[in-house]
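Welcome! Here is a short briefing to read alongside the sequence and the 3D view. Take a look at the structure first, then follow the points below.

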Amino acid sequence: MKKLILIATSFLLLISAGSFAADSPFKPKAPFKAAVISYEINGTESGTETLYIKDSGEYETKHRKTTMKMFGISRKTETMDITTPEWVYSIDLTEKEGTKSVNPIVYMNEEYSKLSKNEQKKVRENAEKMGIAYMKNLNGELVKNAETILGYKCDLVTMMGVQVYSISGTGIALKTVSDVMGVKSQQTAVSIDKKTPPSSVFEVPAGIKISHDPRGDDMSRDFARTTVRSLVEGKDPVQANTQDAIRKSAAENGEEMPSEEEMKNILNMFGGQK
């Protein structure tokens, strides 16, 4: 559920920056039909990342190779995250294993398509307002056209020790600078090649053991229903999902529900009003 809460927060922040298509606030849009973007990573973690994009962002793959040095110890990692219209794969290429889950956007768009035109309008308007409110509550800031990187004007979102420069009106980050709990990192795009990547980069490599837990998909479906309904009603979707998660956990474990004051403090951790 924590992962789903983070997804909800990301949706709101991206919508507030105008990073989603006009026909659905849950459909990503890219500034080009296809591209291969190469990044350099420096700091506590160093290495490279390649972002492959196809069909205007319907397909994306991130291939990351890094070395992290802490306390004199080096640890190498190689991962691949593949997003298709149907599935999301998270793969550890070193361990040769990974997981897959239904792309949460599938459920979001299913719920959104059930709404009337007036309700869809409310979802878009409320999502944008709440995205801006979230940044303010978490001491965040959005600066339009803050910097030009590789010829693209980028918006800057600053929040919780992280600065993300994304191509204006999209969710494509070209520079990310973070300094969190002493761990410093900077990832910067060094080239953008607007060519169609080979189909193989959007497929799970041979020899990788993929696991799938349908219970996670059920949670994602419930999460979509709560999120979309909350936005129609003008309620905070992150807090609504957090409350649902707390209630379900308490019921499953035979625990008492937190008091009203305890619940308020928990919700404030997710950007609630102070």
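Let's begin with a charge and a ring: the charged end of Lys 100 sits over the ring of Trp 87, 4.1 Å from the ring centre. Keep in mind that this is a predicted model. With that said, here is the wider picture, topic by topic.

**The protein as a whole**

- The protein has six helices and 12 strands.
- Of its 274 residues, 41% are buried.
- Among contacts with a separation of 6 or more, 50% are between residues 24 or more positions apart.

**Helix H2 and its buried face**

- Which residues of helix H2 (residues 104-113) are buried? They are Pro 104, Ile 105, Tyr 107, Met 108, Glu 111 and Tyr 112.
- If you look down the axis of H2, these buried residues fall within an arc of 160 degrees, so they line one face of the helix.
- A general rule is handy here: an α-helix has 3.6 residues a turn, so residues three or four places apart point the same way.

**Two aromatic pairs**

- How many aromatic pairs does a search of the whole structure find? It finds two.
- One of them joins Phe 32 and Tyr 152 edge-to-face, at 6.0 Å centre to centre and with 85 degrees between the planes.
- This pair links distant parts of the chain, 120 residues apart: Phe 32 is in the loop between helix H1 (2-16) and strand E1 (35-43), while Tyr 152 is in strand E8 (residues 152-159).
- Both Phe 32 and Tyr 152 are buried.
- Why is the pair of Tyr 59 and Phe 202 called edge-to-face? Their ring centres are 5.9 Å apart and their planes stand at 70 degrees, and planes over 60 degrees apart count as edge-to-face.
- Tyr 59 lies in strand E3 (residues 59-70) and Phe 202 in the loop between strand E11 (183-193) and strand E12 (209-211), so this pair ties together parts that are 143 residues apart in sequence.

**Around Tyr 59**

- Tyr 59 has 22% relative accessibility and counts as partly exposed, because buried means under 20%.
- Thr 84, in the loop between strand E4 (73-83) and strand E5 (87-92), is buried with a relative accessible area of 8%.
- What does Thr 84 touch, leaving aside residues up to four places away in sequence? It touches Glu 58, Tyr 59, Asn 103 and Phe 202, so both rings of the aromatic pair described above belong to residues on this list.

- Strand E7 (residues 141-149) pairs with E8 in the antiparallel sense, over six bridges.
- Glu 147 stands opposite Cys 154 in E8.
- The hairpin has two residues between its strands, and Leu 150 takes a positive phi near 55 degrees there.
- E8 is also the strand that holds Tyr 152, from the pair with Phe 32.

Terms used:
Residues numbered from 1 in each chain as written. Predicted model: local features only at pLDDT ≥ 70, side-chain atom pairs only at ≥ 80, totals over all residues. Heavy atoms only, no water. Helix = DSSP H or I, 4+ residues; strand = E, 2+ residues; numbered from the N terminus. Buried < 20%, exposed > 50% of the residue type's maximum accessible area, 1.4 Å probe, protein only. Contact = heavy atoms within 4.5 Å. Arc of directions from axis to C-beta. Phe/Tyr/Trp six-rings, centres within 6.5 Å; stacked < 30°, edge-to-face > 60°. Lys NZ or Arg CZ within 6 Å of the ring centre and 35° of its normal. Pairing = 2+ DSSP bridges.
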